[in-house]
Amino acid sequence: MSLAFRTRSPSVLLASIERAISDGLILDWIREADGFTHGTDRWQNRAFLVPRLRPGELVFHIVRGEREPVSSRVYAFYHASFLESLLTHCDGAFAEACASAQPMPGDRIS
C-alpha cells in the first residue's frame, strides 16, 4: 500500500511538497513529525504517509494512526488525495506515480 513517485531528484520532490504545503498551495495536507496526514477533521491522523528517499524515486509508506488500522477506504482516500495534490502542484518534479494494492515492506497498517 505504498505510493511511489519516479523522479531524478527524490529530495527535490520532497522539498517541493513541503514548500507547497508551507506556502499554502496544498491545503489538504499537513506535515507532521510522523509524516504527512490529511488536514480535515474527518481524515486527520487516521494514517500517515511516511516519505522514504530511494534512488530514482520518492516512496510514501502508509502507517496507521492511533485510532484504528488502515482500512481500504482510508488507504484509497489518502493515496488518491495525495496523488491529486502532487499532480496539481508538483507535477514538474516527477515523471510517474505508482500505488501498490497490497501492503509493501515499510507499510504498517494494523
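**Ring cluster.** I traced the ring pairs and found that they link Phe-5, Trp-29, Phe-36, Trp-43, Phe-60, Phe-77, Tyr-78, Phe-82 and Phe-94 into a cluster. I counted a pair where ring centres of Phe, Tyr or Trp (its six-membered ring) lie within 6.5 Å; planes under 30 degrees apart are stacked, over 60 edge-to-face, the rest tilted.

**Ground rules.** The model is predicted, so I took local features at pLDDT of at least 70 and side-chain atom pairs at pLDDT 80 or more, while totals for chains, interfaces and linings use all residues. Residues are numbered from 1 along each chain as its sequence is written, and side-chain values use heavy atoms, without hydrogens and water.

**Pair search.** My search of the whole structure gave 9 aromatic pairs. Phe-5 and Phe-94 pair edge-to-face, with 4.9 Å centre to centre and 80 degrees between the planes. They sit 89 residues apart: Phe-5 in strand β1 (residues 3-6), Phe-94 in the loop between α2 (72-89) and β6 (96-99). I used DSSP runs, numbered from the N terminus: helices are H or I of at least four residues, strands E of at least two.

I then checked burial (buried is under 20% relative accessible area, exposed over 50%, partly exposed in between; 1.4 Å probe, protein chains only). Phe-5 is buried because its relative accessibility is 0%. Phe-94 is buried at 11%.

**Second pair.** Phe-36 and Phe-82 form a tilted pair, 5.6 Å centre to centre, with 50 degrees between the planes. Phe-36 is in strand β3 (residues 35-38) and Phe-82 in helix α2, 46 residues apart. Phe-36 is buried at 0%, and Phe-82 is buried at 1%.
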